[in-house]
Amino acid sequence: MYMERYRLKFEKLGNMRFIGHLDTVALFQRCLKLAQLPISYSKGYHPRQEVAFALPLGLGIAGTGEFVDIQLDREILQSDIIDGLNAHFPIGIKIIGARQLEPNERIAPRIVIAAEYEIIVHKNIEPQIYELLNNEEVIVIKKSKSGEKPVNIRPLIFEATYENNKLRTVLATGERNLKPQLLMEYLMPGAENIYYTRTDILKEGLKSL
Amino acid sequence: MTISLSDELLLSVEKPSRYLGGELNTVIKDLNTVKTRFLFCYPDVYEVGMSNIGLNILYYFLNRREQTYCERAFAPWLDMEDCMRQQGIPLFSLETKTPGADFHFIGFTLQYEMCYTNIINMLDLAGIAPLSKERKENDPILIAGGPCVYNPEPLADIIDIFYIGDGEAVLDSLLDVYEENKRNQGTKNQFLEKILHIDGIYVPRFYDVTYNIDGTLAGFAKNNANAKNKISKVIVRDIDNMFVPKTQMVPLIETAHYRATLELFRGCIRGCRFCQAGYTHRPVREKSPDNLLAQGEQILTNTGHEEISLSSLSTGDYIPLPYLIENLLKNFPTTNLSLPSLRIDNITAEIISNTQNIRRSSITFAPEAGSQRLRDIINKDITEEEIFNGARLAFENGHSKLKLYFMIGLPSEEQEDISAIAKLAKDVLAIKPKALIVVSSSCFVPKAFTPFQWEAQNTHQQLMDKQEYLKQNVAKKKINHKYHDAKMAVIEGVISRGDRRVGAAIIAAQKLGAKFDGWTDYFDYEIWQKAFAEVGIDPGFYAHRTRLTNEILPWDHIDIGVTKDFLIKELEKSKKGIVTKNCRENCAFCGVKDCDVYGKV
């Protein structure tokens with residue numbers, strides 16, 4: 001069958017920040033259905049919609065440059081995809097762009113290597129950032145299901161710049177990933193009222209998806 | 001004023017989406033154009049409330065009125081309640097985050113007695129006094145309806161207006177009177193007086209109750225000339241032309257019943273003597289199949305749900321059910337069907353194979369009692385053979401898990417009847433030894449407006465002994481036994497046949513920390529015992545006492561259409577083990593005359 005693949009760029013803001021990843025996936029699947037887009041289904045006993053999110057977004061974090069790949073059974077005007085879905089999404093989720101994938105392009109989750117964040121804080125952390133970037137090794141304690149272990153997070157920080165209470169940083173994703181909360185816990189232990197926004201998801205060469 | 005919830009708060013509670021609103025198909029209105037604000041409160045957790053069809057119907061019914069805005073609130077889960085109390089956040093609406101006290105109406109749905117403490121708790125969180133006489137002119141008007149409203153008395157000192165019957169019937173009239181009264185700058189009391197002529201409306205403050213020395217009711221008298229002596233329930237007779245929402249709200253998290261619901265009919269042709277809804281929802285009113293088909297397709301299209309529940313009190317009794325299923329599946333072939341109330345004697349292979357899906361391979365039947373003798377007494381007119389046939393049919397059509405639902409503590413129950421449950425389960429397993437049988441035994445609670453309303457409920461000790469016997473004798477490798485909390489059933493028994501004095505115990509229990517009483521993990525019997533002692537109530541008087549049929553019952557001023565004489569006759573027939581045929585086979589002259597079959601069969 002002739003298939004068309006699209007990469008959609010979307011926002012996840014406001015209250016929608018508190019909808020977990022699996023619920024977000026279910027919401028997209030439902031809205032694809034409600035928009036009556038010719039979404040492709042996987043073969044097999046339990047057909048599933050061909051939908052692949054680039055990278056789960058942590059609970060509470062806003063997203064302004066999120067990505068999801070969808071596969072349709074036929075070509076549809078990109079504006080029709082965008083308008084069709086936006087008519088059904090709750091306030092806070094909005095498709096802001098779409099492009100057709102080249103036949104040889106790999107799906108989003110396979111090529112993601114990093115994510116860009118904007119983090120709003122309530123005090124000047126310029127000195128801490130300066131120190132962070134000038135160290136070759138920054139050890140923090142990472143808590144996981146299997147216990148606590150020290151991790152060198154410095155190689156996982158690709159970029160970090162600070163200006164006017166806003167930290168812009170690019171952090172590694174994938175098997176060795178760094179959550180922005182862990183970085184902030186190191187920079188500002190115990191701090192509250194930090195506002196996180198993921199602004200982009202990046203592939204090789206730190207280029208946007 | 002609106003409430004704002006901090007990120008820290010939302011990240012600290014389990015499932016923050018319970019408190020966010022913004023679900024698919026919810027209604028947003030401009031508050032500047034809204035005149036009447038109604039907060040629909042569901043006194044249980046979000047996932048339970050959002051699965052309720054009544055909430056969905058009334059939400060769209062009220063919001064179709066341009067100047068009325070119905071918003072929602074649910075009982076916050078315990079973690080959220082702690083945060084709210086610590087930070088001084090009142091109960092708020094999900095749609096606009098408006099504090100509960102700022103609404104004109106607060107509506108509670110009374111789905112089961114064990115959520116009554118949640119009602120008091122939600123009022124407390126909203127900063128609203130529980131007793132109507134303590135509330136001020138500007139406080140919201142409390143209105144309540146739903147299945148438990150047929151004995152409103154335990155909440156009579158709390159609720160301002162009880163709405164008895166189908167919500168679609170006279171809710172518009174009530175709100176019209178409210179809006180007119182407001183335009184004329186009338187008081188709350190004037191409004192309450194002006195609605196007294198509407199059928200189905202019970203305003204308890206206009207009635208006084210007196211008691212005999214033995215604690216029974218001596219009299220029930222109105223204290224306002226406009227009040228009716230008896231309050232008749234209201235129904236929608238022309239159910240095919242009744243308001244039905246074109247869509248349903250779709251939560252952003254999975255709920256108890258995450259599916260579309262299609263209501264096939266109201267009322268029930270069966271006269272199971274323990275079942276309150278079987279009497280209070282009479283007469284049976286069926287929607288026509290093509291109407292249902294259109295409604296079902298519309299709801300599936302507008303919600304994107306993968307599953308639809310064909311709901312009613314006894315779905316197998318809907319004669320065009322096969323036609324409905326076949327045609328629904330024709331247009332929505334991947335949709336799962338859920339038929340929540342099938343009778344074992346009228347299922348077909350067709351129905352079973354259509355409802356079967358991989359996700360949920362179990363099927364539930366309710367013989368209710370283990371022995372034929374007891375099934376005749378409770379008027380559950382199914383035979384052992386029909387049970388075996390139904391089980392065989394289920395097994396042949398791919399089900400490997402069969403749930404059998406029984407009640408213990410039924411009137412006249414003997415040890416043999418309990419033993420018969422164990423035997424029945426074994427005999428059903430023998431049909432397919434590889435199957436898994438789940439025997440669920442709940443505790444019988446006598447309810448108002450049933451022939452058993454005069455009967456004594458078993459004590460919790462009696463109930464626990466019976467559960468223990470079943471545990472010892474039923475549970476095997478291939479038979480699981482599940483049972484309900486006997487002490488919880490007794491509290492339910494006290495409230496379900498309670499009078500006005502029971503309200504004080506509900507308020508006292510909430511003060512002592514009772515909430516989510518229907519949840520086994522949070523139900524605390526000790527609290528209730530303390531509450532009863534505090535307000536001087538003997539729970540045994542309400543739960544374990546056999547009443548005389550000439551006693552004034554707390555709900556005698558409510559008229560459901562079924563006559564008391566009929567219920568007495570049914571009680572007498574039950575004592576003799578005489579079965580009453582279903583309404584389609586033979587009219588039993590229950591008194592509900594506005595019925596398709598009354599006196600005609």
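Predicted model: local features only at pLDDT ≥ 70, side-chain atom pairs only at ≥ 80, totals over all residues.
Biologist: Let's start with Y525(B). Why is Y525(B) called buried?

Modeller: Buried means under 20% relative accessible area. Y525(B) has 15%, so it is called buried. The residue lies in helix α18 of chain B. Leaving out residues up to four places away in sequence, Y525(B) touches H460(B), K487(B) and I491(B). As for K487(B), its C-alpha atom and that of Y525(B) are separated by 6.6 Å, though the two residues are 38 apart along the chain.

Biologist: Now the two chains. What makes R17(A) and D7(B) a salt bridge?

Modeller: The cut-off is a side-chain nitrogen of Lys or Arg within 4 Å of a carboxyl oxygen of Asp or Glu. Here the closest N and O atoms are 2.6 Å apart, and R17(A) and D7(B) are counted as a salt bridge. Between chain A and chain B the count is 2 salt bridges. Helix α1 of chain A, residues 21-34, gives the largest share of the side that touches chain B, with 6 residues.

Biologist: How many residues of each chain are in contact, and what area is buried between them?

Modeller: On chain A, 22 residues are in contact with 22 residues of chain B. The area buried between them is about 1800 Å², with carbon and sulfur atoms giving 61% of it. On the chain A side, F18(A), R30(A) and K33(A) lose the most area to chain B, together 36% of what that side buries.

Biologist: Back within chain B, why is the pair R18(B) and E47(B) said to tie parts of the chain together?

Modeller: Their side chains meet in a salt bridge, at 3.0 Å from N to O. R18(B) is in the loop between α1 and β1 of chain B, while E47(B) is in helix α2, so the pair ties together parts 29 residues apart in sequence. Both R18(B) and E47(B) are buried.

Biologist: What about R584(B) and E286(B), are they buried or partly exposed?

Modeller: First, the link itself: their side chains meet in a salt bridge at 2.6 Å, N to O. R584(B) lies in the segment after α20 and E286(B) in strand β12, so this pair ties together parts that are 298 residues apart in sequence. R584(B) has a relative accessible area of 29%, so it counts as partly exposed. E286(B) has 29% as well, so E286(B) is partly exposed.

Biologist: Which residues are joined into one network by salt bridges that share partners?

Modeller: R64(B), R65(B), D172(B), D176(B) and E179(B). Over all chains, the structure holds 51 salt bridges.

Note on methods:
Residues numbered from 1 in each chain as written. Chains lettered and ligands numbered in written order. Heavy atoms only, no water. Contact = heavy atoms within 4.5 Å. Buried area = accessible area lost by both parts, 1.4 Å probe. Helix = DSSP H or I, 4+ residues; strand = E, 2+ residues; numbered from the N terminus. Buried < 20%, exposed > 50% of the residue type's maximum accessible area, 1.4 Å probe, protein only.
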